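The paragraphs after it go from the overall layout to single residues.

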Amino acid sequence: MSWERAELLRTEPAGISSARPGRSSEITAARHDKITAHLREAGLGALADLGFVGLDDQPDDDPVIITGRKANRRSPPQ
């Protein structure tokens with residue numbers, strides 16, 4: 001890590017937010033903080049587990065949250 005990067009990390013807090021109660025699920029916190037809108041504005045995307053299926057508000061047009069597919073009774077997961 002370069003000296004400039006280390007200095008930046010010491011002076012600029014990155015990604016710090018207020019605490020939430022332990023009973024809040026991750027997907028609820030992501031919806032509350034409008035994480036998909038922030039990712040879309042920054043031109044970024046995210047890989048997530050099956051707990052985040054349904055989070056993306058525009059999954060067909062411009063997906064920013066990529067999840068796996070849930071298995072159904074007729075076919076196993078891919």
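Helices and strands here are DSSP runs, numbered from the N terminus, where a helix (H or I) needs at least four residues and a strand (E) at least two. With that in mind, the chain holds 3 helices and 2 strands, and read from the N terminus its elements follow the order α-α-α-β-β. This is a predicted model, in which local features need pLDDT of at least 70 and side-chain atom pairs count only at pLDDT 80 or more, while totals for chains, interfaces and linings use all residues. Residues are numbered from 1 along each chain as its sequence is written, and side-chain values use heavy atoms, with hydrogens and water left out.

The accessible surface of the chain, computed by the Shrake-Rupley method with a 1.4 Å probe and, for residues, with only the protein chains shown counting as cover, comes to about 6800 Å², and 53% of that belongs to carbon and sulfur atoms. A residue is called buried under 20% relative accessible area, exposed over 50% and partly exposed in between (1.4 Å probe, protein chains only); by this rule 14% of the 78 residues count as buried. If a contact means heavy atoms within 4.5 Å, then residues 24 or more positions apart account for 21% of the contacts in the chain with a separation of 6 or more.

A nonpolar core is a set of buried Ala, Val, Leu, Ile, Met, Phe, Trp, Tyr and Cys residues joined through side-chain atoms within 4.5 Å. The largest one in this model has 7 residues, namely I27, A30, L39, F52, L55, V64 and I65. Leaving aside residues up to four places away in sequence, I27 touches G51, F52, V53 and L55.

Next comes D56, which sits in the loop between β1 (46–47) and β2 (65–66). Is D56 buried or exposed? With a relative accessible area of 11%, D56 is buried. Not counting residues up to four places away in sequence, D56 touches T36, R40, D62, P63, V64 and I65. The side chain of D56 also reaches the backbone nitrogen of V64 at 2.8 Å.

The structure holds 2 salt bridges, a salt bridge being a side-chain nitrogen of Lys or Arg within 4 Å of a carboxyl oxygen of Asp or Glu. In one of them D56 pairs with R40, and the closest N and O atoms are 3.1 Å apart. Because D56 lies in the loop between β1 and β2 and R40 in helix α3, this pair ties together parts that are 16 residues apart in sequence. R40 itself is partly exposed, with a relative accessible area of 22%. Through salt bridges that share partners, R40, D56 and D57 are joined into one network.

K34 counts as exposed at 54% relative accessibility. The C-alpha atoms of K34 and D56 are separated by 9.9 Å, the two residues being 22 residues apart along the chain.

Conventions: A polar contact is a pair of N or O atoms within 3.5 Å; within protein, one must be able to donate a hydrogen and the other to accept it, and residues adjacent in sequence count only if both atoms are side-chain atoms.
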